[in-house]
Amino acid sequence: MTRREEIENNEMLILASYACKSRDSLGREYAEEQDVYRTDFQRDRDRILHTEAFLRLQGKTQVFMVTEGDHYRNRLTHTTEVQQVGRDLSRALALNEDLAESIALAHDLGHTPFGHAGQDALHVMMQQFGKHFEHNEQSRRIVEQFESPYPDFPGLNLTWEVREGLLKHTPVYDQRGKIQKINTMEAQVVNIADEISYYHHDLADGLRSQLITIQDIIQLPLITACYQQVLRKYGQDLSTDILIKRLLKEMMHLLIMDVIETSHTHIKEWNIRTLQQVKTTQNHIVSFSDVRKKQTRELAHFLYEHVYTAPKVQQHTEEGEKIIKHLFQYFYDHPEKMLPEHAQKVKDGIPKEDVVRDYIAGMTDRFAIEQYQTFFPRQKMKAIQLQLISE
Ligand code: MG
């Protein structure tokens with residue numbers, strides 16, 4: 001028996017009956033021999049981790065520009081935080097950690113430079129052609145077409161479960177993303193791990209940048225509960241730094257525990273026993289309780305008002321949108337100015353707007369700024385230029 005088969009047997013013993021077992025995967029589009037010591041989902045994780053798109057996550061903005069400081073999140077650190085929460089939740093719910101981990105690592109591969117500003121700008125540009133831009137779909141294109149390390153098939157040839165998890169990933173902030181039913185609990189876990197992670201780090205980054213204060217956030221019902229808990233545990237005499245860390249850790253713990261308990265309640269009340277039932281059950285099994293759902297919505301609203309649309313962040317948002325729109329138009333008019341492998345795609349007959357979309361979506365903030373400075377040397381760049389100089 002191979003080590004992989006041993007692990008697969010262990011999954012049958014350890015994981016819940018409704019978990020997605022590696023052995024039950026619907027498989028890959030192109031037939032491949034199985035690995036000796038890794039399950040299919042573990043193998044998917046390694047394939048994702050070694051892509052160029054994954055490397056570029058470190059150069060992409062989450063909320064604060066990647067040049068802002070060393071202690072702000074970027075897409076890569078956000079991704080690893082989602083991976084951690086996703087694994088913890090999966091383990092606690094006896095789900096397949098490897099599947100959740102693979103989906104988590106790939107969930108933001110399709111994000112543009114400059115965070116949501118980049119996505120919005122690309123969407124606007126694509127609308128001129130009766131098309132749209134969505135980072136989930138871009139993640140799928142990356143793993144199915146652009147990252148092609150094999151001679152015998154395009155893409156990474158990931159399992160159906162990982163690809164499905166990517167396409168159905170619909171963060172709550174994504175207004176355009178229609179909420180779709182997610183067919184495995186592991187992918188449901190990643191969706192909520194994403195949410196928990198950015199509540200946590202956007203509060204931390206917001207506090208660090210002094211856009212918000214502790215006094216502001218303890219007014220929020222969710223944080224009030226955490227604050228009382230921290231006071232009970234550690235007393236009043238905490239330094240600001242430790243208070244922030246304990247407070248945010250408490251919030252993370254509270255939300256994770258809430259998801260575990262609520263999901264268990266759903267499993268029991270809805271009598272979930274098989275993966276098939278997970279697929280056919282109308283509602284998501286992995287979710288917050290109604291109380292926490294309401295409180296997280298209030299928190300999301302607070303973050304939107306005081307962090308995402310704060311003048312300091314907004315300035316970058318507008319600058320990022322401007323850069324993306326200018327670059328899109330420029331490369332559409334001058335496709336030969338793209339890197340050769342992209343320019344070639346236009347010659348091969350792929351619609352120009354699609355090639356330009358993929359080219360720009362793949363850029364890091366730094367590369368997009370460099371390209372902008374090269375092709376628009378006279379354009380002034382307020383905030384972003386200053387940061388490049390201070391790098
Ligand atoms: Mg995310």
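**Exercise 1.** Which residues have the most contacts inside the largest nonpolar core, and how many residues does this core have?

*Solution.* The structure is a predicted model, and its largest nonpolar core has 75 residues, with Leu-109, Leu-203, Ile-217 and Met-251 making the most contacts inside it. Turning to where the core comes from, helix α9 (residues 185-208) supplies the largest share, 12 residues. Taking Ile-217 as an example, and leaving aside residues up to four places away in sequence, its contacts are Leu-203, Leu-207, Ile-212, Ile-223, Leu-247 and Phe-302.

**Exercise 2.** Identify the protein donors of the magnesium ion, and explain what the pair His-107 and Asp-194 ties together.

*Solution.* The donors are His-78 and His-107, each through NE2, together with Asp-108 and Asp-194, each through OD, and they lie 2.2 to 2.5 Å from the ion. Along the chain their spacing reads H-x28-H-D-x85-D. Because His-107 sits in the loop between α5 (97-106) and α6 (115-127), whereas Asp-194 belongs to helix α9, the pair joins parts that are 87 residues apart in sequence. Buried means under 20% relative accessible area, so His-107, at 1% relative accessibility, counts as buried, and Asp-194, at 0%, also counts as buried.

**Exercise 3.** Are helices α7 and α8 roughly parallel or roughly antiparallel?

*Solution.* Helix α7 (residues 135-146) packs on helix α8 (residues 160-167) at an angle of about 150°, with the axes 8 Å apart. Angles over 145 degrees count as roughly antiparallel, and therefore α7 is roughly antiparallel to α8. The contact includes Arg-140 and Val-143 from α7 and Arg-163 and Leu-166 from α8, and by class it has three nonpolar, two polar and five charged residues.

Key: Residues are numbered from 1 along each chain as its sequence is written. This is a predicted model: local features need pLDDT of at least 70, side-chain atom pairs count only at pLDDT 80 or more; totals for chains, interfaces and linings use all residues. Side-chain values use heavy atoms; hydrogens and water are left out. A nonpolar core is a set of buried Ala, Val, Leu, Ile, Met, Phe, Trp, Tyr and Cys residues joined through side-chain atoms within 4.5 Å. Buried means under 20% relative accessible area, exposed over 50%, partly exposed in between (1.4 Å probe, protein chains only). Helices (H or I, at least four residues) and strands (E, at least two) are DSSP runs, numbered from the N terminus. Contact means heavy atoms within 4.5 Å. Donors are N, O and S atoms within 2.8 Å of the metal (3.2 Å for Na, K and Ca); water is not among the atoms, so sites may look incomplete. Axes are lines fitted to C-alpha atoms, for helices over the stretch in contact, and angles run from 0 to 180 degrees between N-to-C directions. Angles under 35 degrees count as roughly parallel, over 145 as roughly antiparallel, 65 to 115 as roughly perpendicular and the rest as oblique. Ala, Val, Leu, Ile, Met, Phe, Trp, Tyr, Cys and Pro count as nonpolar, Asp, Glu, Lys and Arg as charged, and the others, Gly among them, as polar.
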